[in-house]
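Subject: Structure for your review

Dear colleague,

Please find below the structure that I am handing over to you.

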Amino acid sequence: MRTKSLKKNKINVITLGCSKNTYDSEVLMGQLKANGKDVAHEQEGNIVVINTCGFIDNAKEESVNTILEYVDKKEQGLVDKVFVTGCLSERYRPDLEKEIPDVDQYFGTTELPLLLKALGADYKHELLGERLTTTPKNYAYLKIAEGCDRPCSFCAIPLMRGKHVSQPIEKLVKEAEGLAKNGVKELILIAQDLTYYGLDLYKKRNLAELLENLAKVEGIEWIRLHYAFPSGFPMDVLDLMKREPKICNYIDIPLQHISDDILKSMKRGTTKEKTTKLLQEFRERVPGMTIRTTLIVGYPGETQKDFEILRDWVQEMKFERLGCFTYSHEENTGAFALVDDVPQEVKQARAAEIMDLQSQISWDLNQEKIGQTFKCVIDRKEGQYFIGRTEFDSPDVDNEVLVDASKYYLKTGDFVNLKITDATEFDLYAEPIS
């Protein structure tokens, strides 16, 4: 009598989009592993879960193409099942179900228990903050809040992620302790809006108190802040940053624009004068601080004059780190009622002009670093270089420090003192000093 062979399922989780999605995938994978499931991240597996991004056109296109690719593999018999979750699925589920019906099931951003059930697993409440990290061992993202209450006219995030919900300090500290036990030395705090942290739970902006508690976690050496909002920024965070060595002198604060007319239409709740004053205060209160920002060009109604105000201000402020994006006209956002009247080629030319300007600023700032010594963490070895970062650099988006692996041996995950010997616009070259 023949016995039927039972093929063991392997679940392959694919992550698209931002670090917040990375975190969500890691939580999903932690739950699956705790349920005894064989799970991998972006490897091979007969069951595929695609965690999508629905933020702007390019991200949506990548998500749709990835779904189509795996539906095609399913038709060829290369995979058995395809599940889709995340922001695109949250925002466009009815359209996706109609247009790509061969996906086994679609899930929104808040439906983790239902997704687990479809994968034959139970949601385990006791797994507080436990997850399978996908980043290099030495750093991990810590999502301190979900959703956003801001009314920014260009942004679809509240449609996909809902209202702002802070995580309690005790829960985050416990999660940080678990990460530290697994060798994590750097926490990168993420949320749609760090500035708002605690208002819902503690009736006050409570980021500083959270940071003080996280800084006490043994094994954590760096704590980095991502995605702050300029309006209502809790200034006590700066005092803590100055006195607490574990908190990197670094902040990511997306400013989007600086022309008062555009800021008003964007519903940013601030002005050029207020924003400039805030940034000056950052630099006065924390000397040597690195400020990363992102900007949008080509927003509806942006005139050449508005753009020139932005460009001249970028030249004046000399941001250490800056990214620039072209405006994407998104359904159901406040700005969708406006006419998307800046031609695509003008948007792209403006973005290129800002990035050319930033490239020169970055070059000048990096030249000043030659001869200086910085504490760096070594993230990985790539080709002939060990690649590290200073406290002024976040993974994937900022400068890297390259050390010649044919001359020096460094251990990934270690902190080392590196002397900068040369610099380009976006890379520093260094040698270790004993």
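This is a predicted model: local features need pLDDT of at least 70, side-chain atom pairs count only at pLDDT 80 or more; totals for chains, interfaces and linings use all residues.

I begin with the record. An unreviewed UniProt entry lists Cys18, Cys53 and Cys87 under "binding site". These residues are spread over 70 residues of sequence, yet they cluster in space, with a largest C-alpha distance of 10.6 Å.

Cys18 lies in the loop between β1 (10-15) and α1 (19-34), while Cys53 belongs to the loop between β3 (47-52) and α2 (57-75). Is Cys53 buried or exposed? Its relative accessible area is 12%, and a residue counts as buried under 20%, so Cys53 is buried. Cys18 has a relative accessible area of 31%, which lies between the limits of 20% and 50%, and therefore Cys18 is partly exposed.

What does Cys53 touch, leaving aside its neighbours within four places in sequence? The contacts of Cys53 include Leu16, Gly17, Asn21 and Ala59, as well as Cys87, which is also listed in the record.

Six of the six residues of β3 are buried. Ile47, Val49 and Asn51 point one way from the strand, whereas Val48, Ile50 and Thr52 point the other way.

β3 has partners in β1 and β4. It runs parallel to β1, to which five bridges join it, and Asn12 stands opposite Val48 in β3. Six bridges join β3 to β4 (residues 81-86), and these two strands also run parallel; here Ile47 stands opposite Lys81 in β4. Together, β3, α2 and β4 form a right-handed β-α-β unit.

Leu119 is buried because its relative accessible area of 8% is under 20%. Not counting residues up to four places away in sequence, Leu119 touches Ile11, Leu28, Leu32, Lys37, Ile47, Val49 and Phe83. Two of these, Ile47 and Val49, point one way from β3 together with Asn51. Leu119 and Lys81 are 38 residues apart along the chain, and their C-alpha atoms are separated by 9.8 Å.

With kind regards

Notes: Residues are numbered from 1 along each chain as its sequence is written. Side-chain values use heavy atoms; hydrogens and water are left out. UniProt positions are given in the numbering used here, feature names are shortened, and annotations may be inferred rather than shown by experiment. Helices (H or I, at least four residues) and strands (E, at least two) are DSSP runs, numbered from the N terminus. Buried means under 20% relative accessible area, exposed over 50%, partly exposed in between (1.4 Å probe, protein chains only). Contact means heavy atoms within 4.5 Å. Two strands pair if DSSP finds at least two bridges between them. A crossover is right-handed if, with the strands pointing away from the viewer, the path from the first strand over the helix to the second runs clockwise.
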